[in-house]
Amino acid sequence: MTRSVMRFVPYKTAQDVTAAPTYEAVCVSGDVEDCGEESGQWLTPHPVEVWMRAHRADTGHGRFRRAFVDYAEVSRAE
């Protein structure tokens with residue numbers, strides 16, 4: 001019988017501050033299928049919020065899927 005020793009190696013996950021996160025929204029309003037209009041990607045949330053308000057005013061659609069995307073670094077915890 002072979003024995004093995006397993007050691008726990010702690011890791012930490014942190015946001016990569018050298019890469020800018022992005023924000024975006026997609027309209028998911030609709031009776032039969034989602035509208036699908038997109039805000040595009042932005043480096044701050046404000047333009048996405050402005051787009052959602054304008055889309056609501058133009059179409060009456062009020063349901064959106066929002067996304068915040070960032071980059072992460074995983075390293076050994078010291």
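Which residues in α1 are buried? This is a predicted model, and in it the buried residues of α1 are Val48, Trp51, Met52 and His55. They share one side of the helix, because the arc they cover around the axis is only 100°. That buried side packs against β2 and against β3, residues 64-69. On the face turned away from the buried side, α1 carries the exposed residues Arg53 and Ala57.

The length of the helix can be checked as well. Helix α1 runs over residues 46-59, and its 14 residues should span 20 Å at 1.5 Å a residue; the end C-alpha atoms are 20 Å apart, so the two agree.

I turn now to the aromatic residues. The structure holds 2 aromatic pairs. In one of them, Tyr23 and Phe68 lie 5.1 Å apart, centre to centre, with 55° between the planes, and the pair is tilted. Tyr23 belongs to strand β2 and Phe68 to strand β3, so this pair ties together parts 45 residues apart in sequence. Phe68 is partly exposed, because its relative accessible area is 45%.

The pair of Trp51 and Phe64 is edge-to-face, because the planes stand at 75°, with the ring centres 5.7 Å apart. Since Trp51 lies in helix α1 and Phe64 in strand β3, the pair ties together parts that are 13 residues apart in sequence. Trp51 counts as buried, at 19% relative accessibility.

Finally, Thr22 is found in strand β2, residues 22-27. Thr22 is buried, with a relative accessible area of 17%.

Technical notes
Residues numbered from 1 in each chain as written. Predicted model: local features only at pLDDT ≥ 70, side-chain atom pairs only at ≥ 80, totals over all residues. Heavy atoms only, no water. Helix = DSSP H or I, 4+ residues; strand = E, 2+ residues; numbered from the N terminus. Buried < 20%, exposed > 50% of the residue type's maximum accessible area, 1.4 Å probe, protein only. Expected span 1.5 Å × (residues − 1). Arc of directions from axis to C-beta. Contact = heavy atoms within 4.5 Å. Phe/Tyr/Trp six-rings, centres within 6.5 Å; stacked < 30°, edge-to-face > 60°.
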